[in-house]
Amino acid sequence: MSAPHEAVCRSIAPDGGVLTITATRRPRAGRADVKCSVPGDAALAERMQQVVRLARHTEPRFDSRDQVVLSLDRTPPGDWRDWELAAVLADRMVRGVFAPRGPVSANGWSDAWHLGRIDGRALVNPPAGVLAGGAGGLPHLGALNGQPDPAAGVSSARAWFPLHSGGAEDSLGWVEVSVRPLSGSADEDSVTAPDLDPVRQAAIAAVLSASRHFDGRGQGQWRTTVRFGEPRFQGDSYGFALVMADRIARGREFLARGRIIASGSSNAWHAGKVESVEAREAKCALIAREAAAGDRVLLPKEWEAGLPAGLREALRARGASLACVERIGII
Amino acid sequence: MFGSLLKNFSLHRPLRQPDFDAARLGVSAIALQAPAGSALPGGCAAVLVDRNGRSRRLAAGGKIAAHEGEVAWCVHPGPYSCELAPFAAAPEIGLRVSIAIDASDPRATHQRFDLFLASEGGAAVELNGFAAAMENALQRELAQGNLDLPPCTTLEEWNVFRAGFNQLMYTRFGVMVDDCVPVDLGAARDYAQVLEARLTQQPVEQQQVQAPAAITPQQAFVPACEDARALRRLFLELPCLMCAIRLAALPAGQEQFRQQQDLLRRLDLVSLSVGTMPALELRAPNEALAQDEQLRRARHSRCAAAALDEAWALLARIKNGGEAVLGTSFDEADRIVANLEYETAGRRLTVVATEEVAA
C-alpha cells in the first residue's frame, strides 16, 4: 500500500473558522512514534500525542519504522476537543490506513479512543461533507467502512449501493441497519425507517422479514432501525445492500476490510435469491470509479456474462474484489 | 542472563502434575506432560525436549525413556474438531475445523509441533486453548488482509483461503487441517444475548465515567509470566524461523540475495539480543526496577512475540506462493524485523529516555 508523505485534515472551530491539522511522515531514526506541535500550548500537544497513540490500538498492523509529525495551525479554544477526530484521521491518512477520495473535514471527541469509539461532537448542525463524530454520524472509527462496533450494545452496519439517475449526480448511497435485541418482553419485532414514506417502510420491512426467514434466525429477536444516506430515490436496487447490512449487523456474515458495495434486488428473498436490476453499464462504471482498497463489490449472477471488460481486473488492481452472487448465505 | 530466563520459566511451569490423566488425551487435551519412565498410552507419541529446546520423538509403545534434563510430553495425533470465529464482530458465523498432529516429517529439520510444545507447551496443551490460539492467528491474518474471507465468498476465493489457512496452521502450529467448512454458530453463540448483556452493563459504566481511567485493558496481565513466556518463545523460535526462511524460497538474483542476507543478519542480532536479555525485575545487578517500568518491559516482550507471530504468518505466505511472493514481501519482512528490533531494544531499556518523548 502506498502512503502519502503529507496529509491534511480540517476541523471547524466554534467561531466558524477552520483549523488545519497537517501530518507528515518521515523515517523514525530512533525518535518517538508520534510528535505533535500546537502553537503556544505544550499541554495540548501532549494530549494530541496521547489521543493518536490510543487510537492506534484499534489498528491491526503496527509499523515502528516511521515517525508521524502532526501540527495544528493555530491554538484552539481552551476546552474545545473537536480537533481529536481530525488528528486521528490525519494520522491514518498519512500512513495510508484511511484513504479518502477528497479533502476531509472532521469534528469529534472521545474518552475511549483505544476502543475506536467516538463519543460526540461540539459542532451543531455540521454542514454536508463534514465527518461528524458521535450518534447520528460516525459513532466509531470502523463505521468509516460500515463495520459494526465490536463493543457496542446496539449493532449497526452500513452497505453502499449505486444511486443512478442517468446524470452527473450519480453516486454511492448508503443504507444503515441498526439492531437492538428485544429483551424477550412484549415488544413487537419491528422494523422502522424514520426518514421514509410508509410505502417504502413496508417494502423494507418485507425484504428484511423475508431474508431473515431464509436465514432461519433473527425473527422475533430484534428491534431494527433502517436509515438511508439519501432518503429520496427511486427503484429497489438497494435491496441487496439492505440485506447484507442486516446480516452484518446481526453478526451472521463474513466481513470485508473495506465497504460493501452491492446492487441487486429480489422477489424471493425468502429463498435467498439475488436478481438482476437495471442500468448495468452505468452502475458498473460508477462502481469502477468509486471502489477503494479493501472494498467488496457484490453484483447479481445474471450480470456476470455482460460485465464490462476489465472491470474485475481494475478492481483487483485497486485492492477491491468482486463477486457475482446467485444466492446469499454460506457458500 | 539466560539463567534468569530459565529460572523465570520454571517458576510458571508448576511441578510435574502427579495426576497424569491419559484418558483426556485425544479428547480435551492434545498433549500432556508425562512423568519420565511412565508407560506411553496406546496411540500416543512422546516428544522429549531438552533444556536448549532440542526435541526428539519416541514412537508409540514402550516406556518414556527421558535423558537427564529432558521434559516429556505425550501427544495424541487426533483428529480433533473445533469451531473458530474468523471475525470477532460476527460471532454467529464460523468455521468448523478438523485438525490432526502429523507424524514426524523426515524432510524437515525440526518438527514445528515439537517446537510449539517446547516454546509454548506448558504443562498441558488443552484443545480449547489451542483453538483460541488458532482463532487468534486467523483473525489477525484476516484483519491485516493477508487472507481474505469476504461476504458471499465464491468457490475460487474459498479455495485460495483454504490453501492459505492450511499453510498458516502448519507453519505456525505444526498441525494439518484435514477439513474446514463454514458453519452457522447461531445456536451456540447467540449474538442477541451478547448484545443484551452489553446493554445491561452500560448504565454501570456510565456511572464510573467520573473516576479517572484507572486500568486500561492492556494492563490486566501478570508482567513476569507474560515476559518469561514471550522471551522463551523468541529464544527458541527465532533460530528455527531463520533456518526456515533460508529454505523456503531461493532469492532470484543478486539484489534479492543481498536483501535476504541483510534481513537474516538483522534477525541474528535480534536473536542475540534476546539471548542476552537482562532480567525483568532488575535495573542493575542487585537493584530492583520500578513496577511500572517492569510493566513497560513486559509489554515490549509481548509486542515482540506478536511480531514473531506475524513472521511465521509471512513465512507461511512465502511457502504458499513461492518465489513470486518472495519478491513482493521484502517490505513486509522489513517491517516485521524493524518491529522486532524496536521491541527488543525497548525491553532492554531501564527508563524511557526523556529525549525520545520530546523528539
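1. The coordinates are those of a predicted model, and everything below should be read as computed from that prediction. Chain B contains eleven helices and ten strands, and of its 359 residues 34% are buried.

2. Two packed helices are described by the angle between their axes and the distance between the axes. For helix α6 (residues 223-248) and helix α8 (residues 291-321), both of chain B, the axes come within 9 Å and cross at roughly 25 degrees. Since angles under 35 degrees count as roughly parallel, α6(B) and α8(B) are therefore roughly parallel to each other. The crossing in which α6(B) passes α8(B) is left-handed, and the residues of this contact comprise 17 nonpolar, two polar and seven charged.

3. The geometry of α8(B) itself can be checked against an expected span: with 31 residues, α8(B) reaches 45 Å from its first C-alpha to its last, close to the 45 Å expected at 1.5 Å a residue. After α8(B) comes B:G322, a residue whose phi is positive, near 70 degrees.

4. The corresponding check on α10(B), which has 19 residues, gives a reach of 27 Å from first C-alpha to last, close to the 27 Å expected at 1.5 Å a residue. Which residues of α10(B) are buried? They are B:A333, B:I336, B:V337, B:N339, B:L340, B:Y342, B:E343, B:T344 and B:R347, and what covers them includes α7 (253-275) and α8 of chain B.

5. As for the contact between chains, 39 residues of chain B are in contact with 39 residues of chain A. On the side of chain B that touches chain A, the elements giving two or more residues are α3 (127-144), α4 (155-173), β8 (175-184), α5 (191-208), α10 (330-348) and α11 (354-358) of chain B. Of these, α5(B) gives the most, with seven residues. By residue class, the side of chain B that touches chain A divides into 23 nonpolar, eight polar and eight charged.

6. One element links the last two points: α10(B), which has the buried residues named above, is also among the elements that give two or more residues to the side of chain B touching chain A.

Methods. Residues are numbered from 1 along each chain as its sequence is written. Chains are lettered from A and ligands numbered from 1 in the order in which they are written. This is a predicted model: local features need pLDDT of at least 70, side-chain atom pairs count only at pLDDT 80 or more; totals for chains, interfaces and linings use all residues. Two residues are in contact if their C-beta atoms, placed from the backbone, lie within 7 Å. Helices (H or I, at least four residues) and strands (E, at least two) are DSSP runs, numbered from the N terminus. Ala, Val, Leu, Ile, Met, Phe, Trp, Tyr, Cys and Pro count as nonpolar, Asp, Glu, Lys and Arg as charged, and the others, Gly among them, as polar. Axes are lines fitted to C-alpha atoms, for helices over the stretch in contact, and angles run from 0 to 180 degrees between N-to-C directions. Angles under 35 degrees count as roughly parallel, over 145 as roughly antiparallel, 65 to 115 as roughly perpendicular and the rest as oblique. A crossing is left-handed if the near helix is turned anticlockwise from the far one by less than a right angle, and right-handed if clockwise. The expected span of a helix is 1.5 Å times one less than its number of residues. A residue is buried if 20 or more other C-beta atoms lie within 10 Å of its own, exposed if 12 or fewer, and partly exposed in between; C-beta atoms are placed from the backbone.
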